[in-house]
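This briefing goes with the sequence and structure shown below. Please read it with both in view.

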Amino acid sequence: MKLRCAVLDDYQGVALSSADWSPLADRVEVRVLREHIADRDALVAAVEDCEVLVVMRERTPVDAALLDRLPRLRLLITSGLRNASIDVTAARARGVTVCGTESSPTPPTELTWALLLGLARHVPAEARAVREGGPWQSTVGTDLAGRTLGLVGLGKIGARVARIGLAFGMDVAAWSPHLTEERAAEHGARYVKDLRELMAEGDFVSLHMVLSDRTRGLVGEPELRAMRPSAYLVNTSRAGLVDGGALLRALREGWIAGAGLDVYDTEPLPADDPLRTLPNVLALPHLGYVTEGNYGRYFGQAVEDVEAFLAGAPVRELG
């Protein structure tokens with residue numbers, strides 16, 4: 001009898017075409033759920049017969065309570081090698097193996113710059129004016145050369161963002177809790193010892209930190225008030241790094257010029273969320289990792305994870 005596998009939250013319907021699933025054809029029955037199922041009872045009803053689940057990033061939290069309602073589950077696969085919304089300890093305690101896939105830092109780096117450039121040159125407003133017959137040249141763009149790019153975090157993604165900032169002729173400054181002057185210099189960045197100082201200096205401030213108990217709410221009202229009224233905040237990392245209420249006030253009251261956002265506390269973003277309509281917000285639907293290359297990596301390695309599990313030698317297990 002075949003094992004049953006469900007791929008959750010495949011919004012674009014590309015999970016099966018992004019990889020070769022044929023090696024599993026005679027042993028595993030794969031089905032895809034296109035829509036996000038937020039209701040816990042509905043989710044259980046949809047997947048309770050499955051031995052294998054493939055989840056996309058942190059779209060669907062898998063905690064102890066959900067695991068208790070999925071007694072058949074034996075293998076849980078997540079895209080990426082870190083997923084804060086999975087209780088790995090609880091899964092192990094229930095005999096569920098949790099595996100991940102590799103992820104490239106290049107797509108979120110590129111999207112960071114898409115947001116930053118979109119804000120600097122008012123791309124959405126100008127493109128909309130052209131399409132709708134509006135005014136010709138209604139805004140004045142912000143120069144990047146000579147401006148300061150403040151990076152909160154200088155890891156795999158932050159370091160790549162820094163290199164591109166240097167190519168634009170920007171003054172790149174960086175801060176993180178454990179960053180040193182020497183490490184910042186390795187990436188061409190100027191070390192700033194205090195977060196608020198970085199926020200005050202940056203014409204553009206981009207967040208590239210891992211979300212944890214220590215970093216949740218890292219950017220709050222004091223940090224946002226430290227920014228210039230002409231400055232922009234970009235977040236392609238995790239929404240929880242920023243105090244959402246303080247960010248809304250900053251945008252509405254003009255503490256900052258605007259924000260480029262790709263991550264949100266609730267995803268998909270509720271239809272009535274003010275971030276959808278604020279004129280100084282450039283919002284995208286969490287596209288940072290959504291590229292052909294990354295999806296090929298995610299789903300291709302998900303197939304490998306299932307094959308290895310069936311062979312009794314799981315790979316890329318999460319600790």
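Predicted model: local features only at pLDDT ≥ 70, side-chain atom pairs only at ≥ 80, totals over all residues.

Residues are numbered from 1 along each chain as its sequence is written, and side-chain values use heavy atoms, with hydrogens and water left out.

By the rules given below, the count of disulfides is zero and the count of salt bridges is 17.

- Helices (H or I, at least four residues) and strands (E, at least two) are DSSP runs numbered from the N terminus, and two strands pair if DSSP finds at least two bridges between them.

- β6 (residues 148-152) runs parallel to β9 and is joined to β9 by four bridges, with Leu149 opposite Phe204 in β9.
- β9 also pairs in the parallel sense with β10 (residues 232-235), again over four bridges, and here Phe204 stands opposite Tyr232.
- In β9 (residues 204-207), Phe204 and Ser206 point one way, Val205 and Leu207 point the other way, and all are buried; buried means under 20% relative accessible area, exposed over 50%, and partly exposed in between (1.4 Å probe, protein chains only).
- β9, helix α9 (residues 221-226) and β10 form a right-handed β-α-β unit; a crossover is right-handed if, with the strands pointing away from the viewer, the path from the first strand over the helix to the second runs clockwise.
- β11 (residues 258-261) and β12 run parallel and are joined by three bridges, and Ala259 is opposite Val281 in β12.

**Cysteines**

- A disulfide is taken as a pair of cysteine sulfur atoms within 2.5 Å, and the count is zero.
- Cys50 is in no disulfide, and the nearest cysteine sulfur, in Cys5, is 7.0 Å away.
- Cys50 is buried, at 2% relative accessible area.
- For Cys99, the closest cysteine sulfur is also that of Cys5, at 12 Å, which is too far for a bond.
- Cys99 has a relative accessibility of 0% and counts as buried.

**Salt bridges**

- A salt bridge is a side-chain nitrogen of Lys or Arg within 4 Å of a carboxyl oxygen of Asp or Glu, and the count is 17.
- Arg31 and Asp49 form one, with their closest N and O atoms 2.5 Å apart.
- Arg31 is in strand β2 and Asp49 in the loop between α1 (40-47) and β3, so this pair ties together parts 18 residues apart in sequence.
- Both are partly exposed, Arg31 at 24% and Asp49 at 26%.
- Glu51 forms a salt bridge with Arg72, the closest N and O atoms again being 2.5 Å apart.
- That pair links the loop between α1 and β3, which holds Glu51, to the loop between α2 (64-68) and β4, which holds Arg72, 21 residues apart.
- Glu51 is buried at 9% relative accessibility, whereas Arg72 is partly exposed at 38%.
- Arg4, Arg31, Asp49, Glu51 and Arg72 are linked in a salt-bridge network.
- Glu201 and Arg190 form a further salt bridge, with closest N and O atoms 2.9 Å apart.
- Glu201 lies in helix α8 (residues 195-201) and Arg190 in strand β8 (residues 190-191), so parts 11 residues apart in sequence are tied together.
- Arg190 is partly exposed, with a relative accessible area of 33%.
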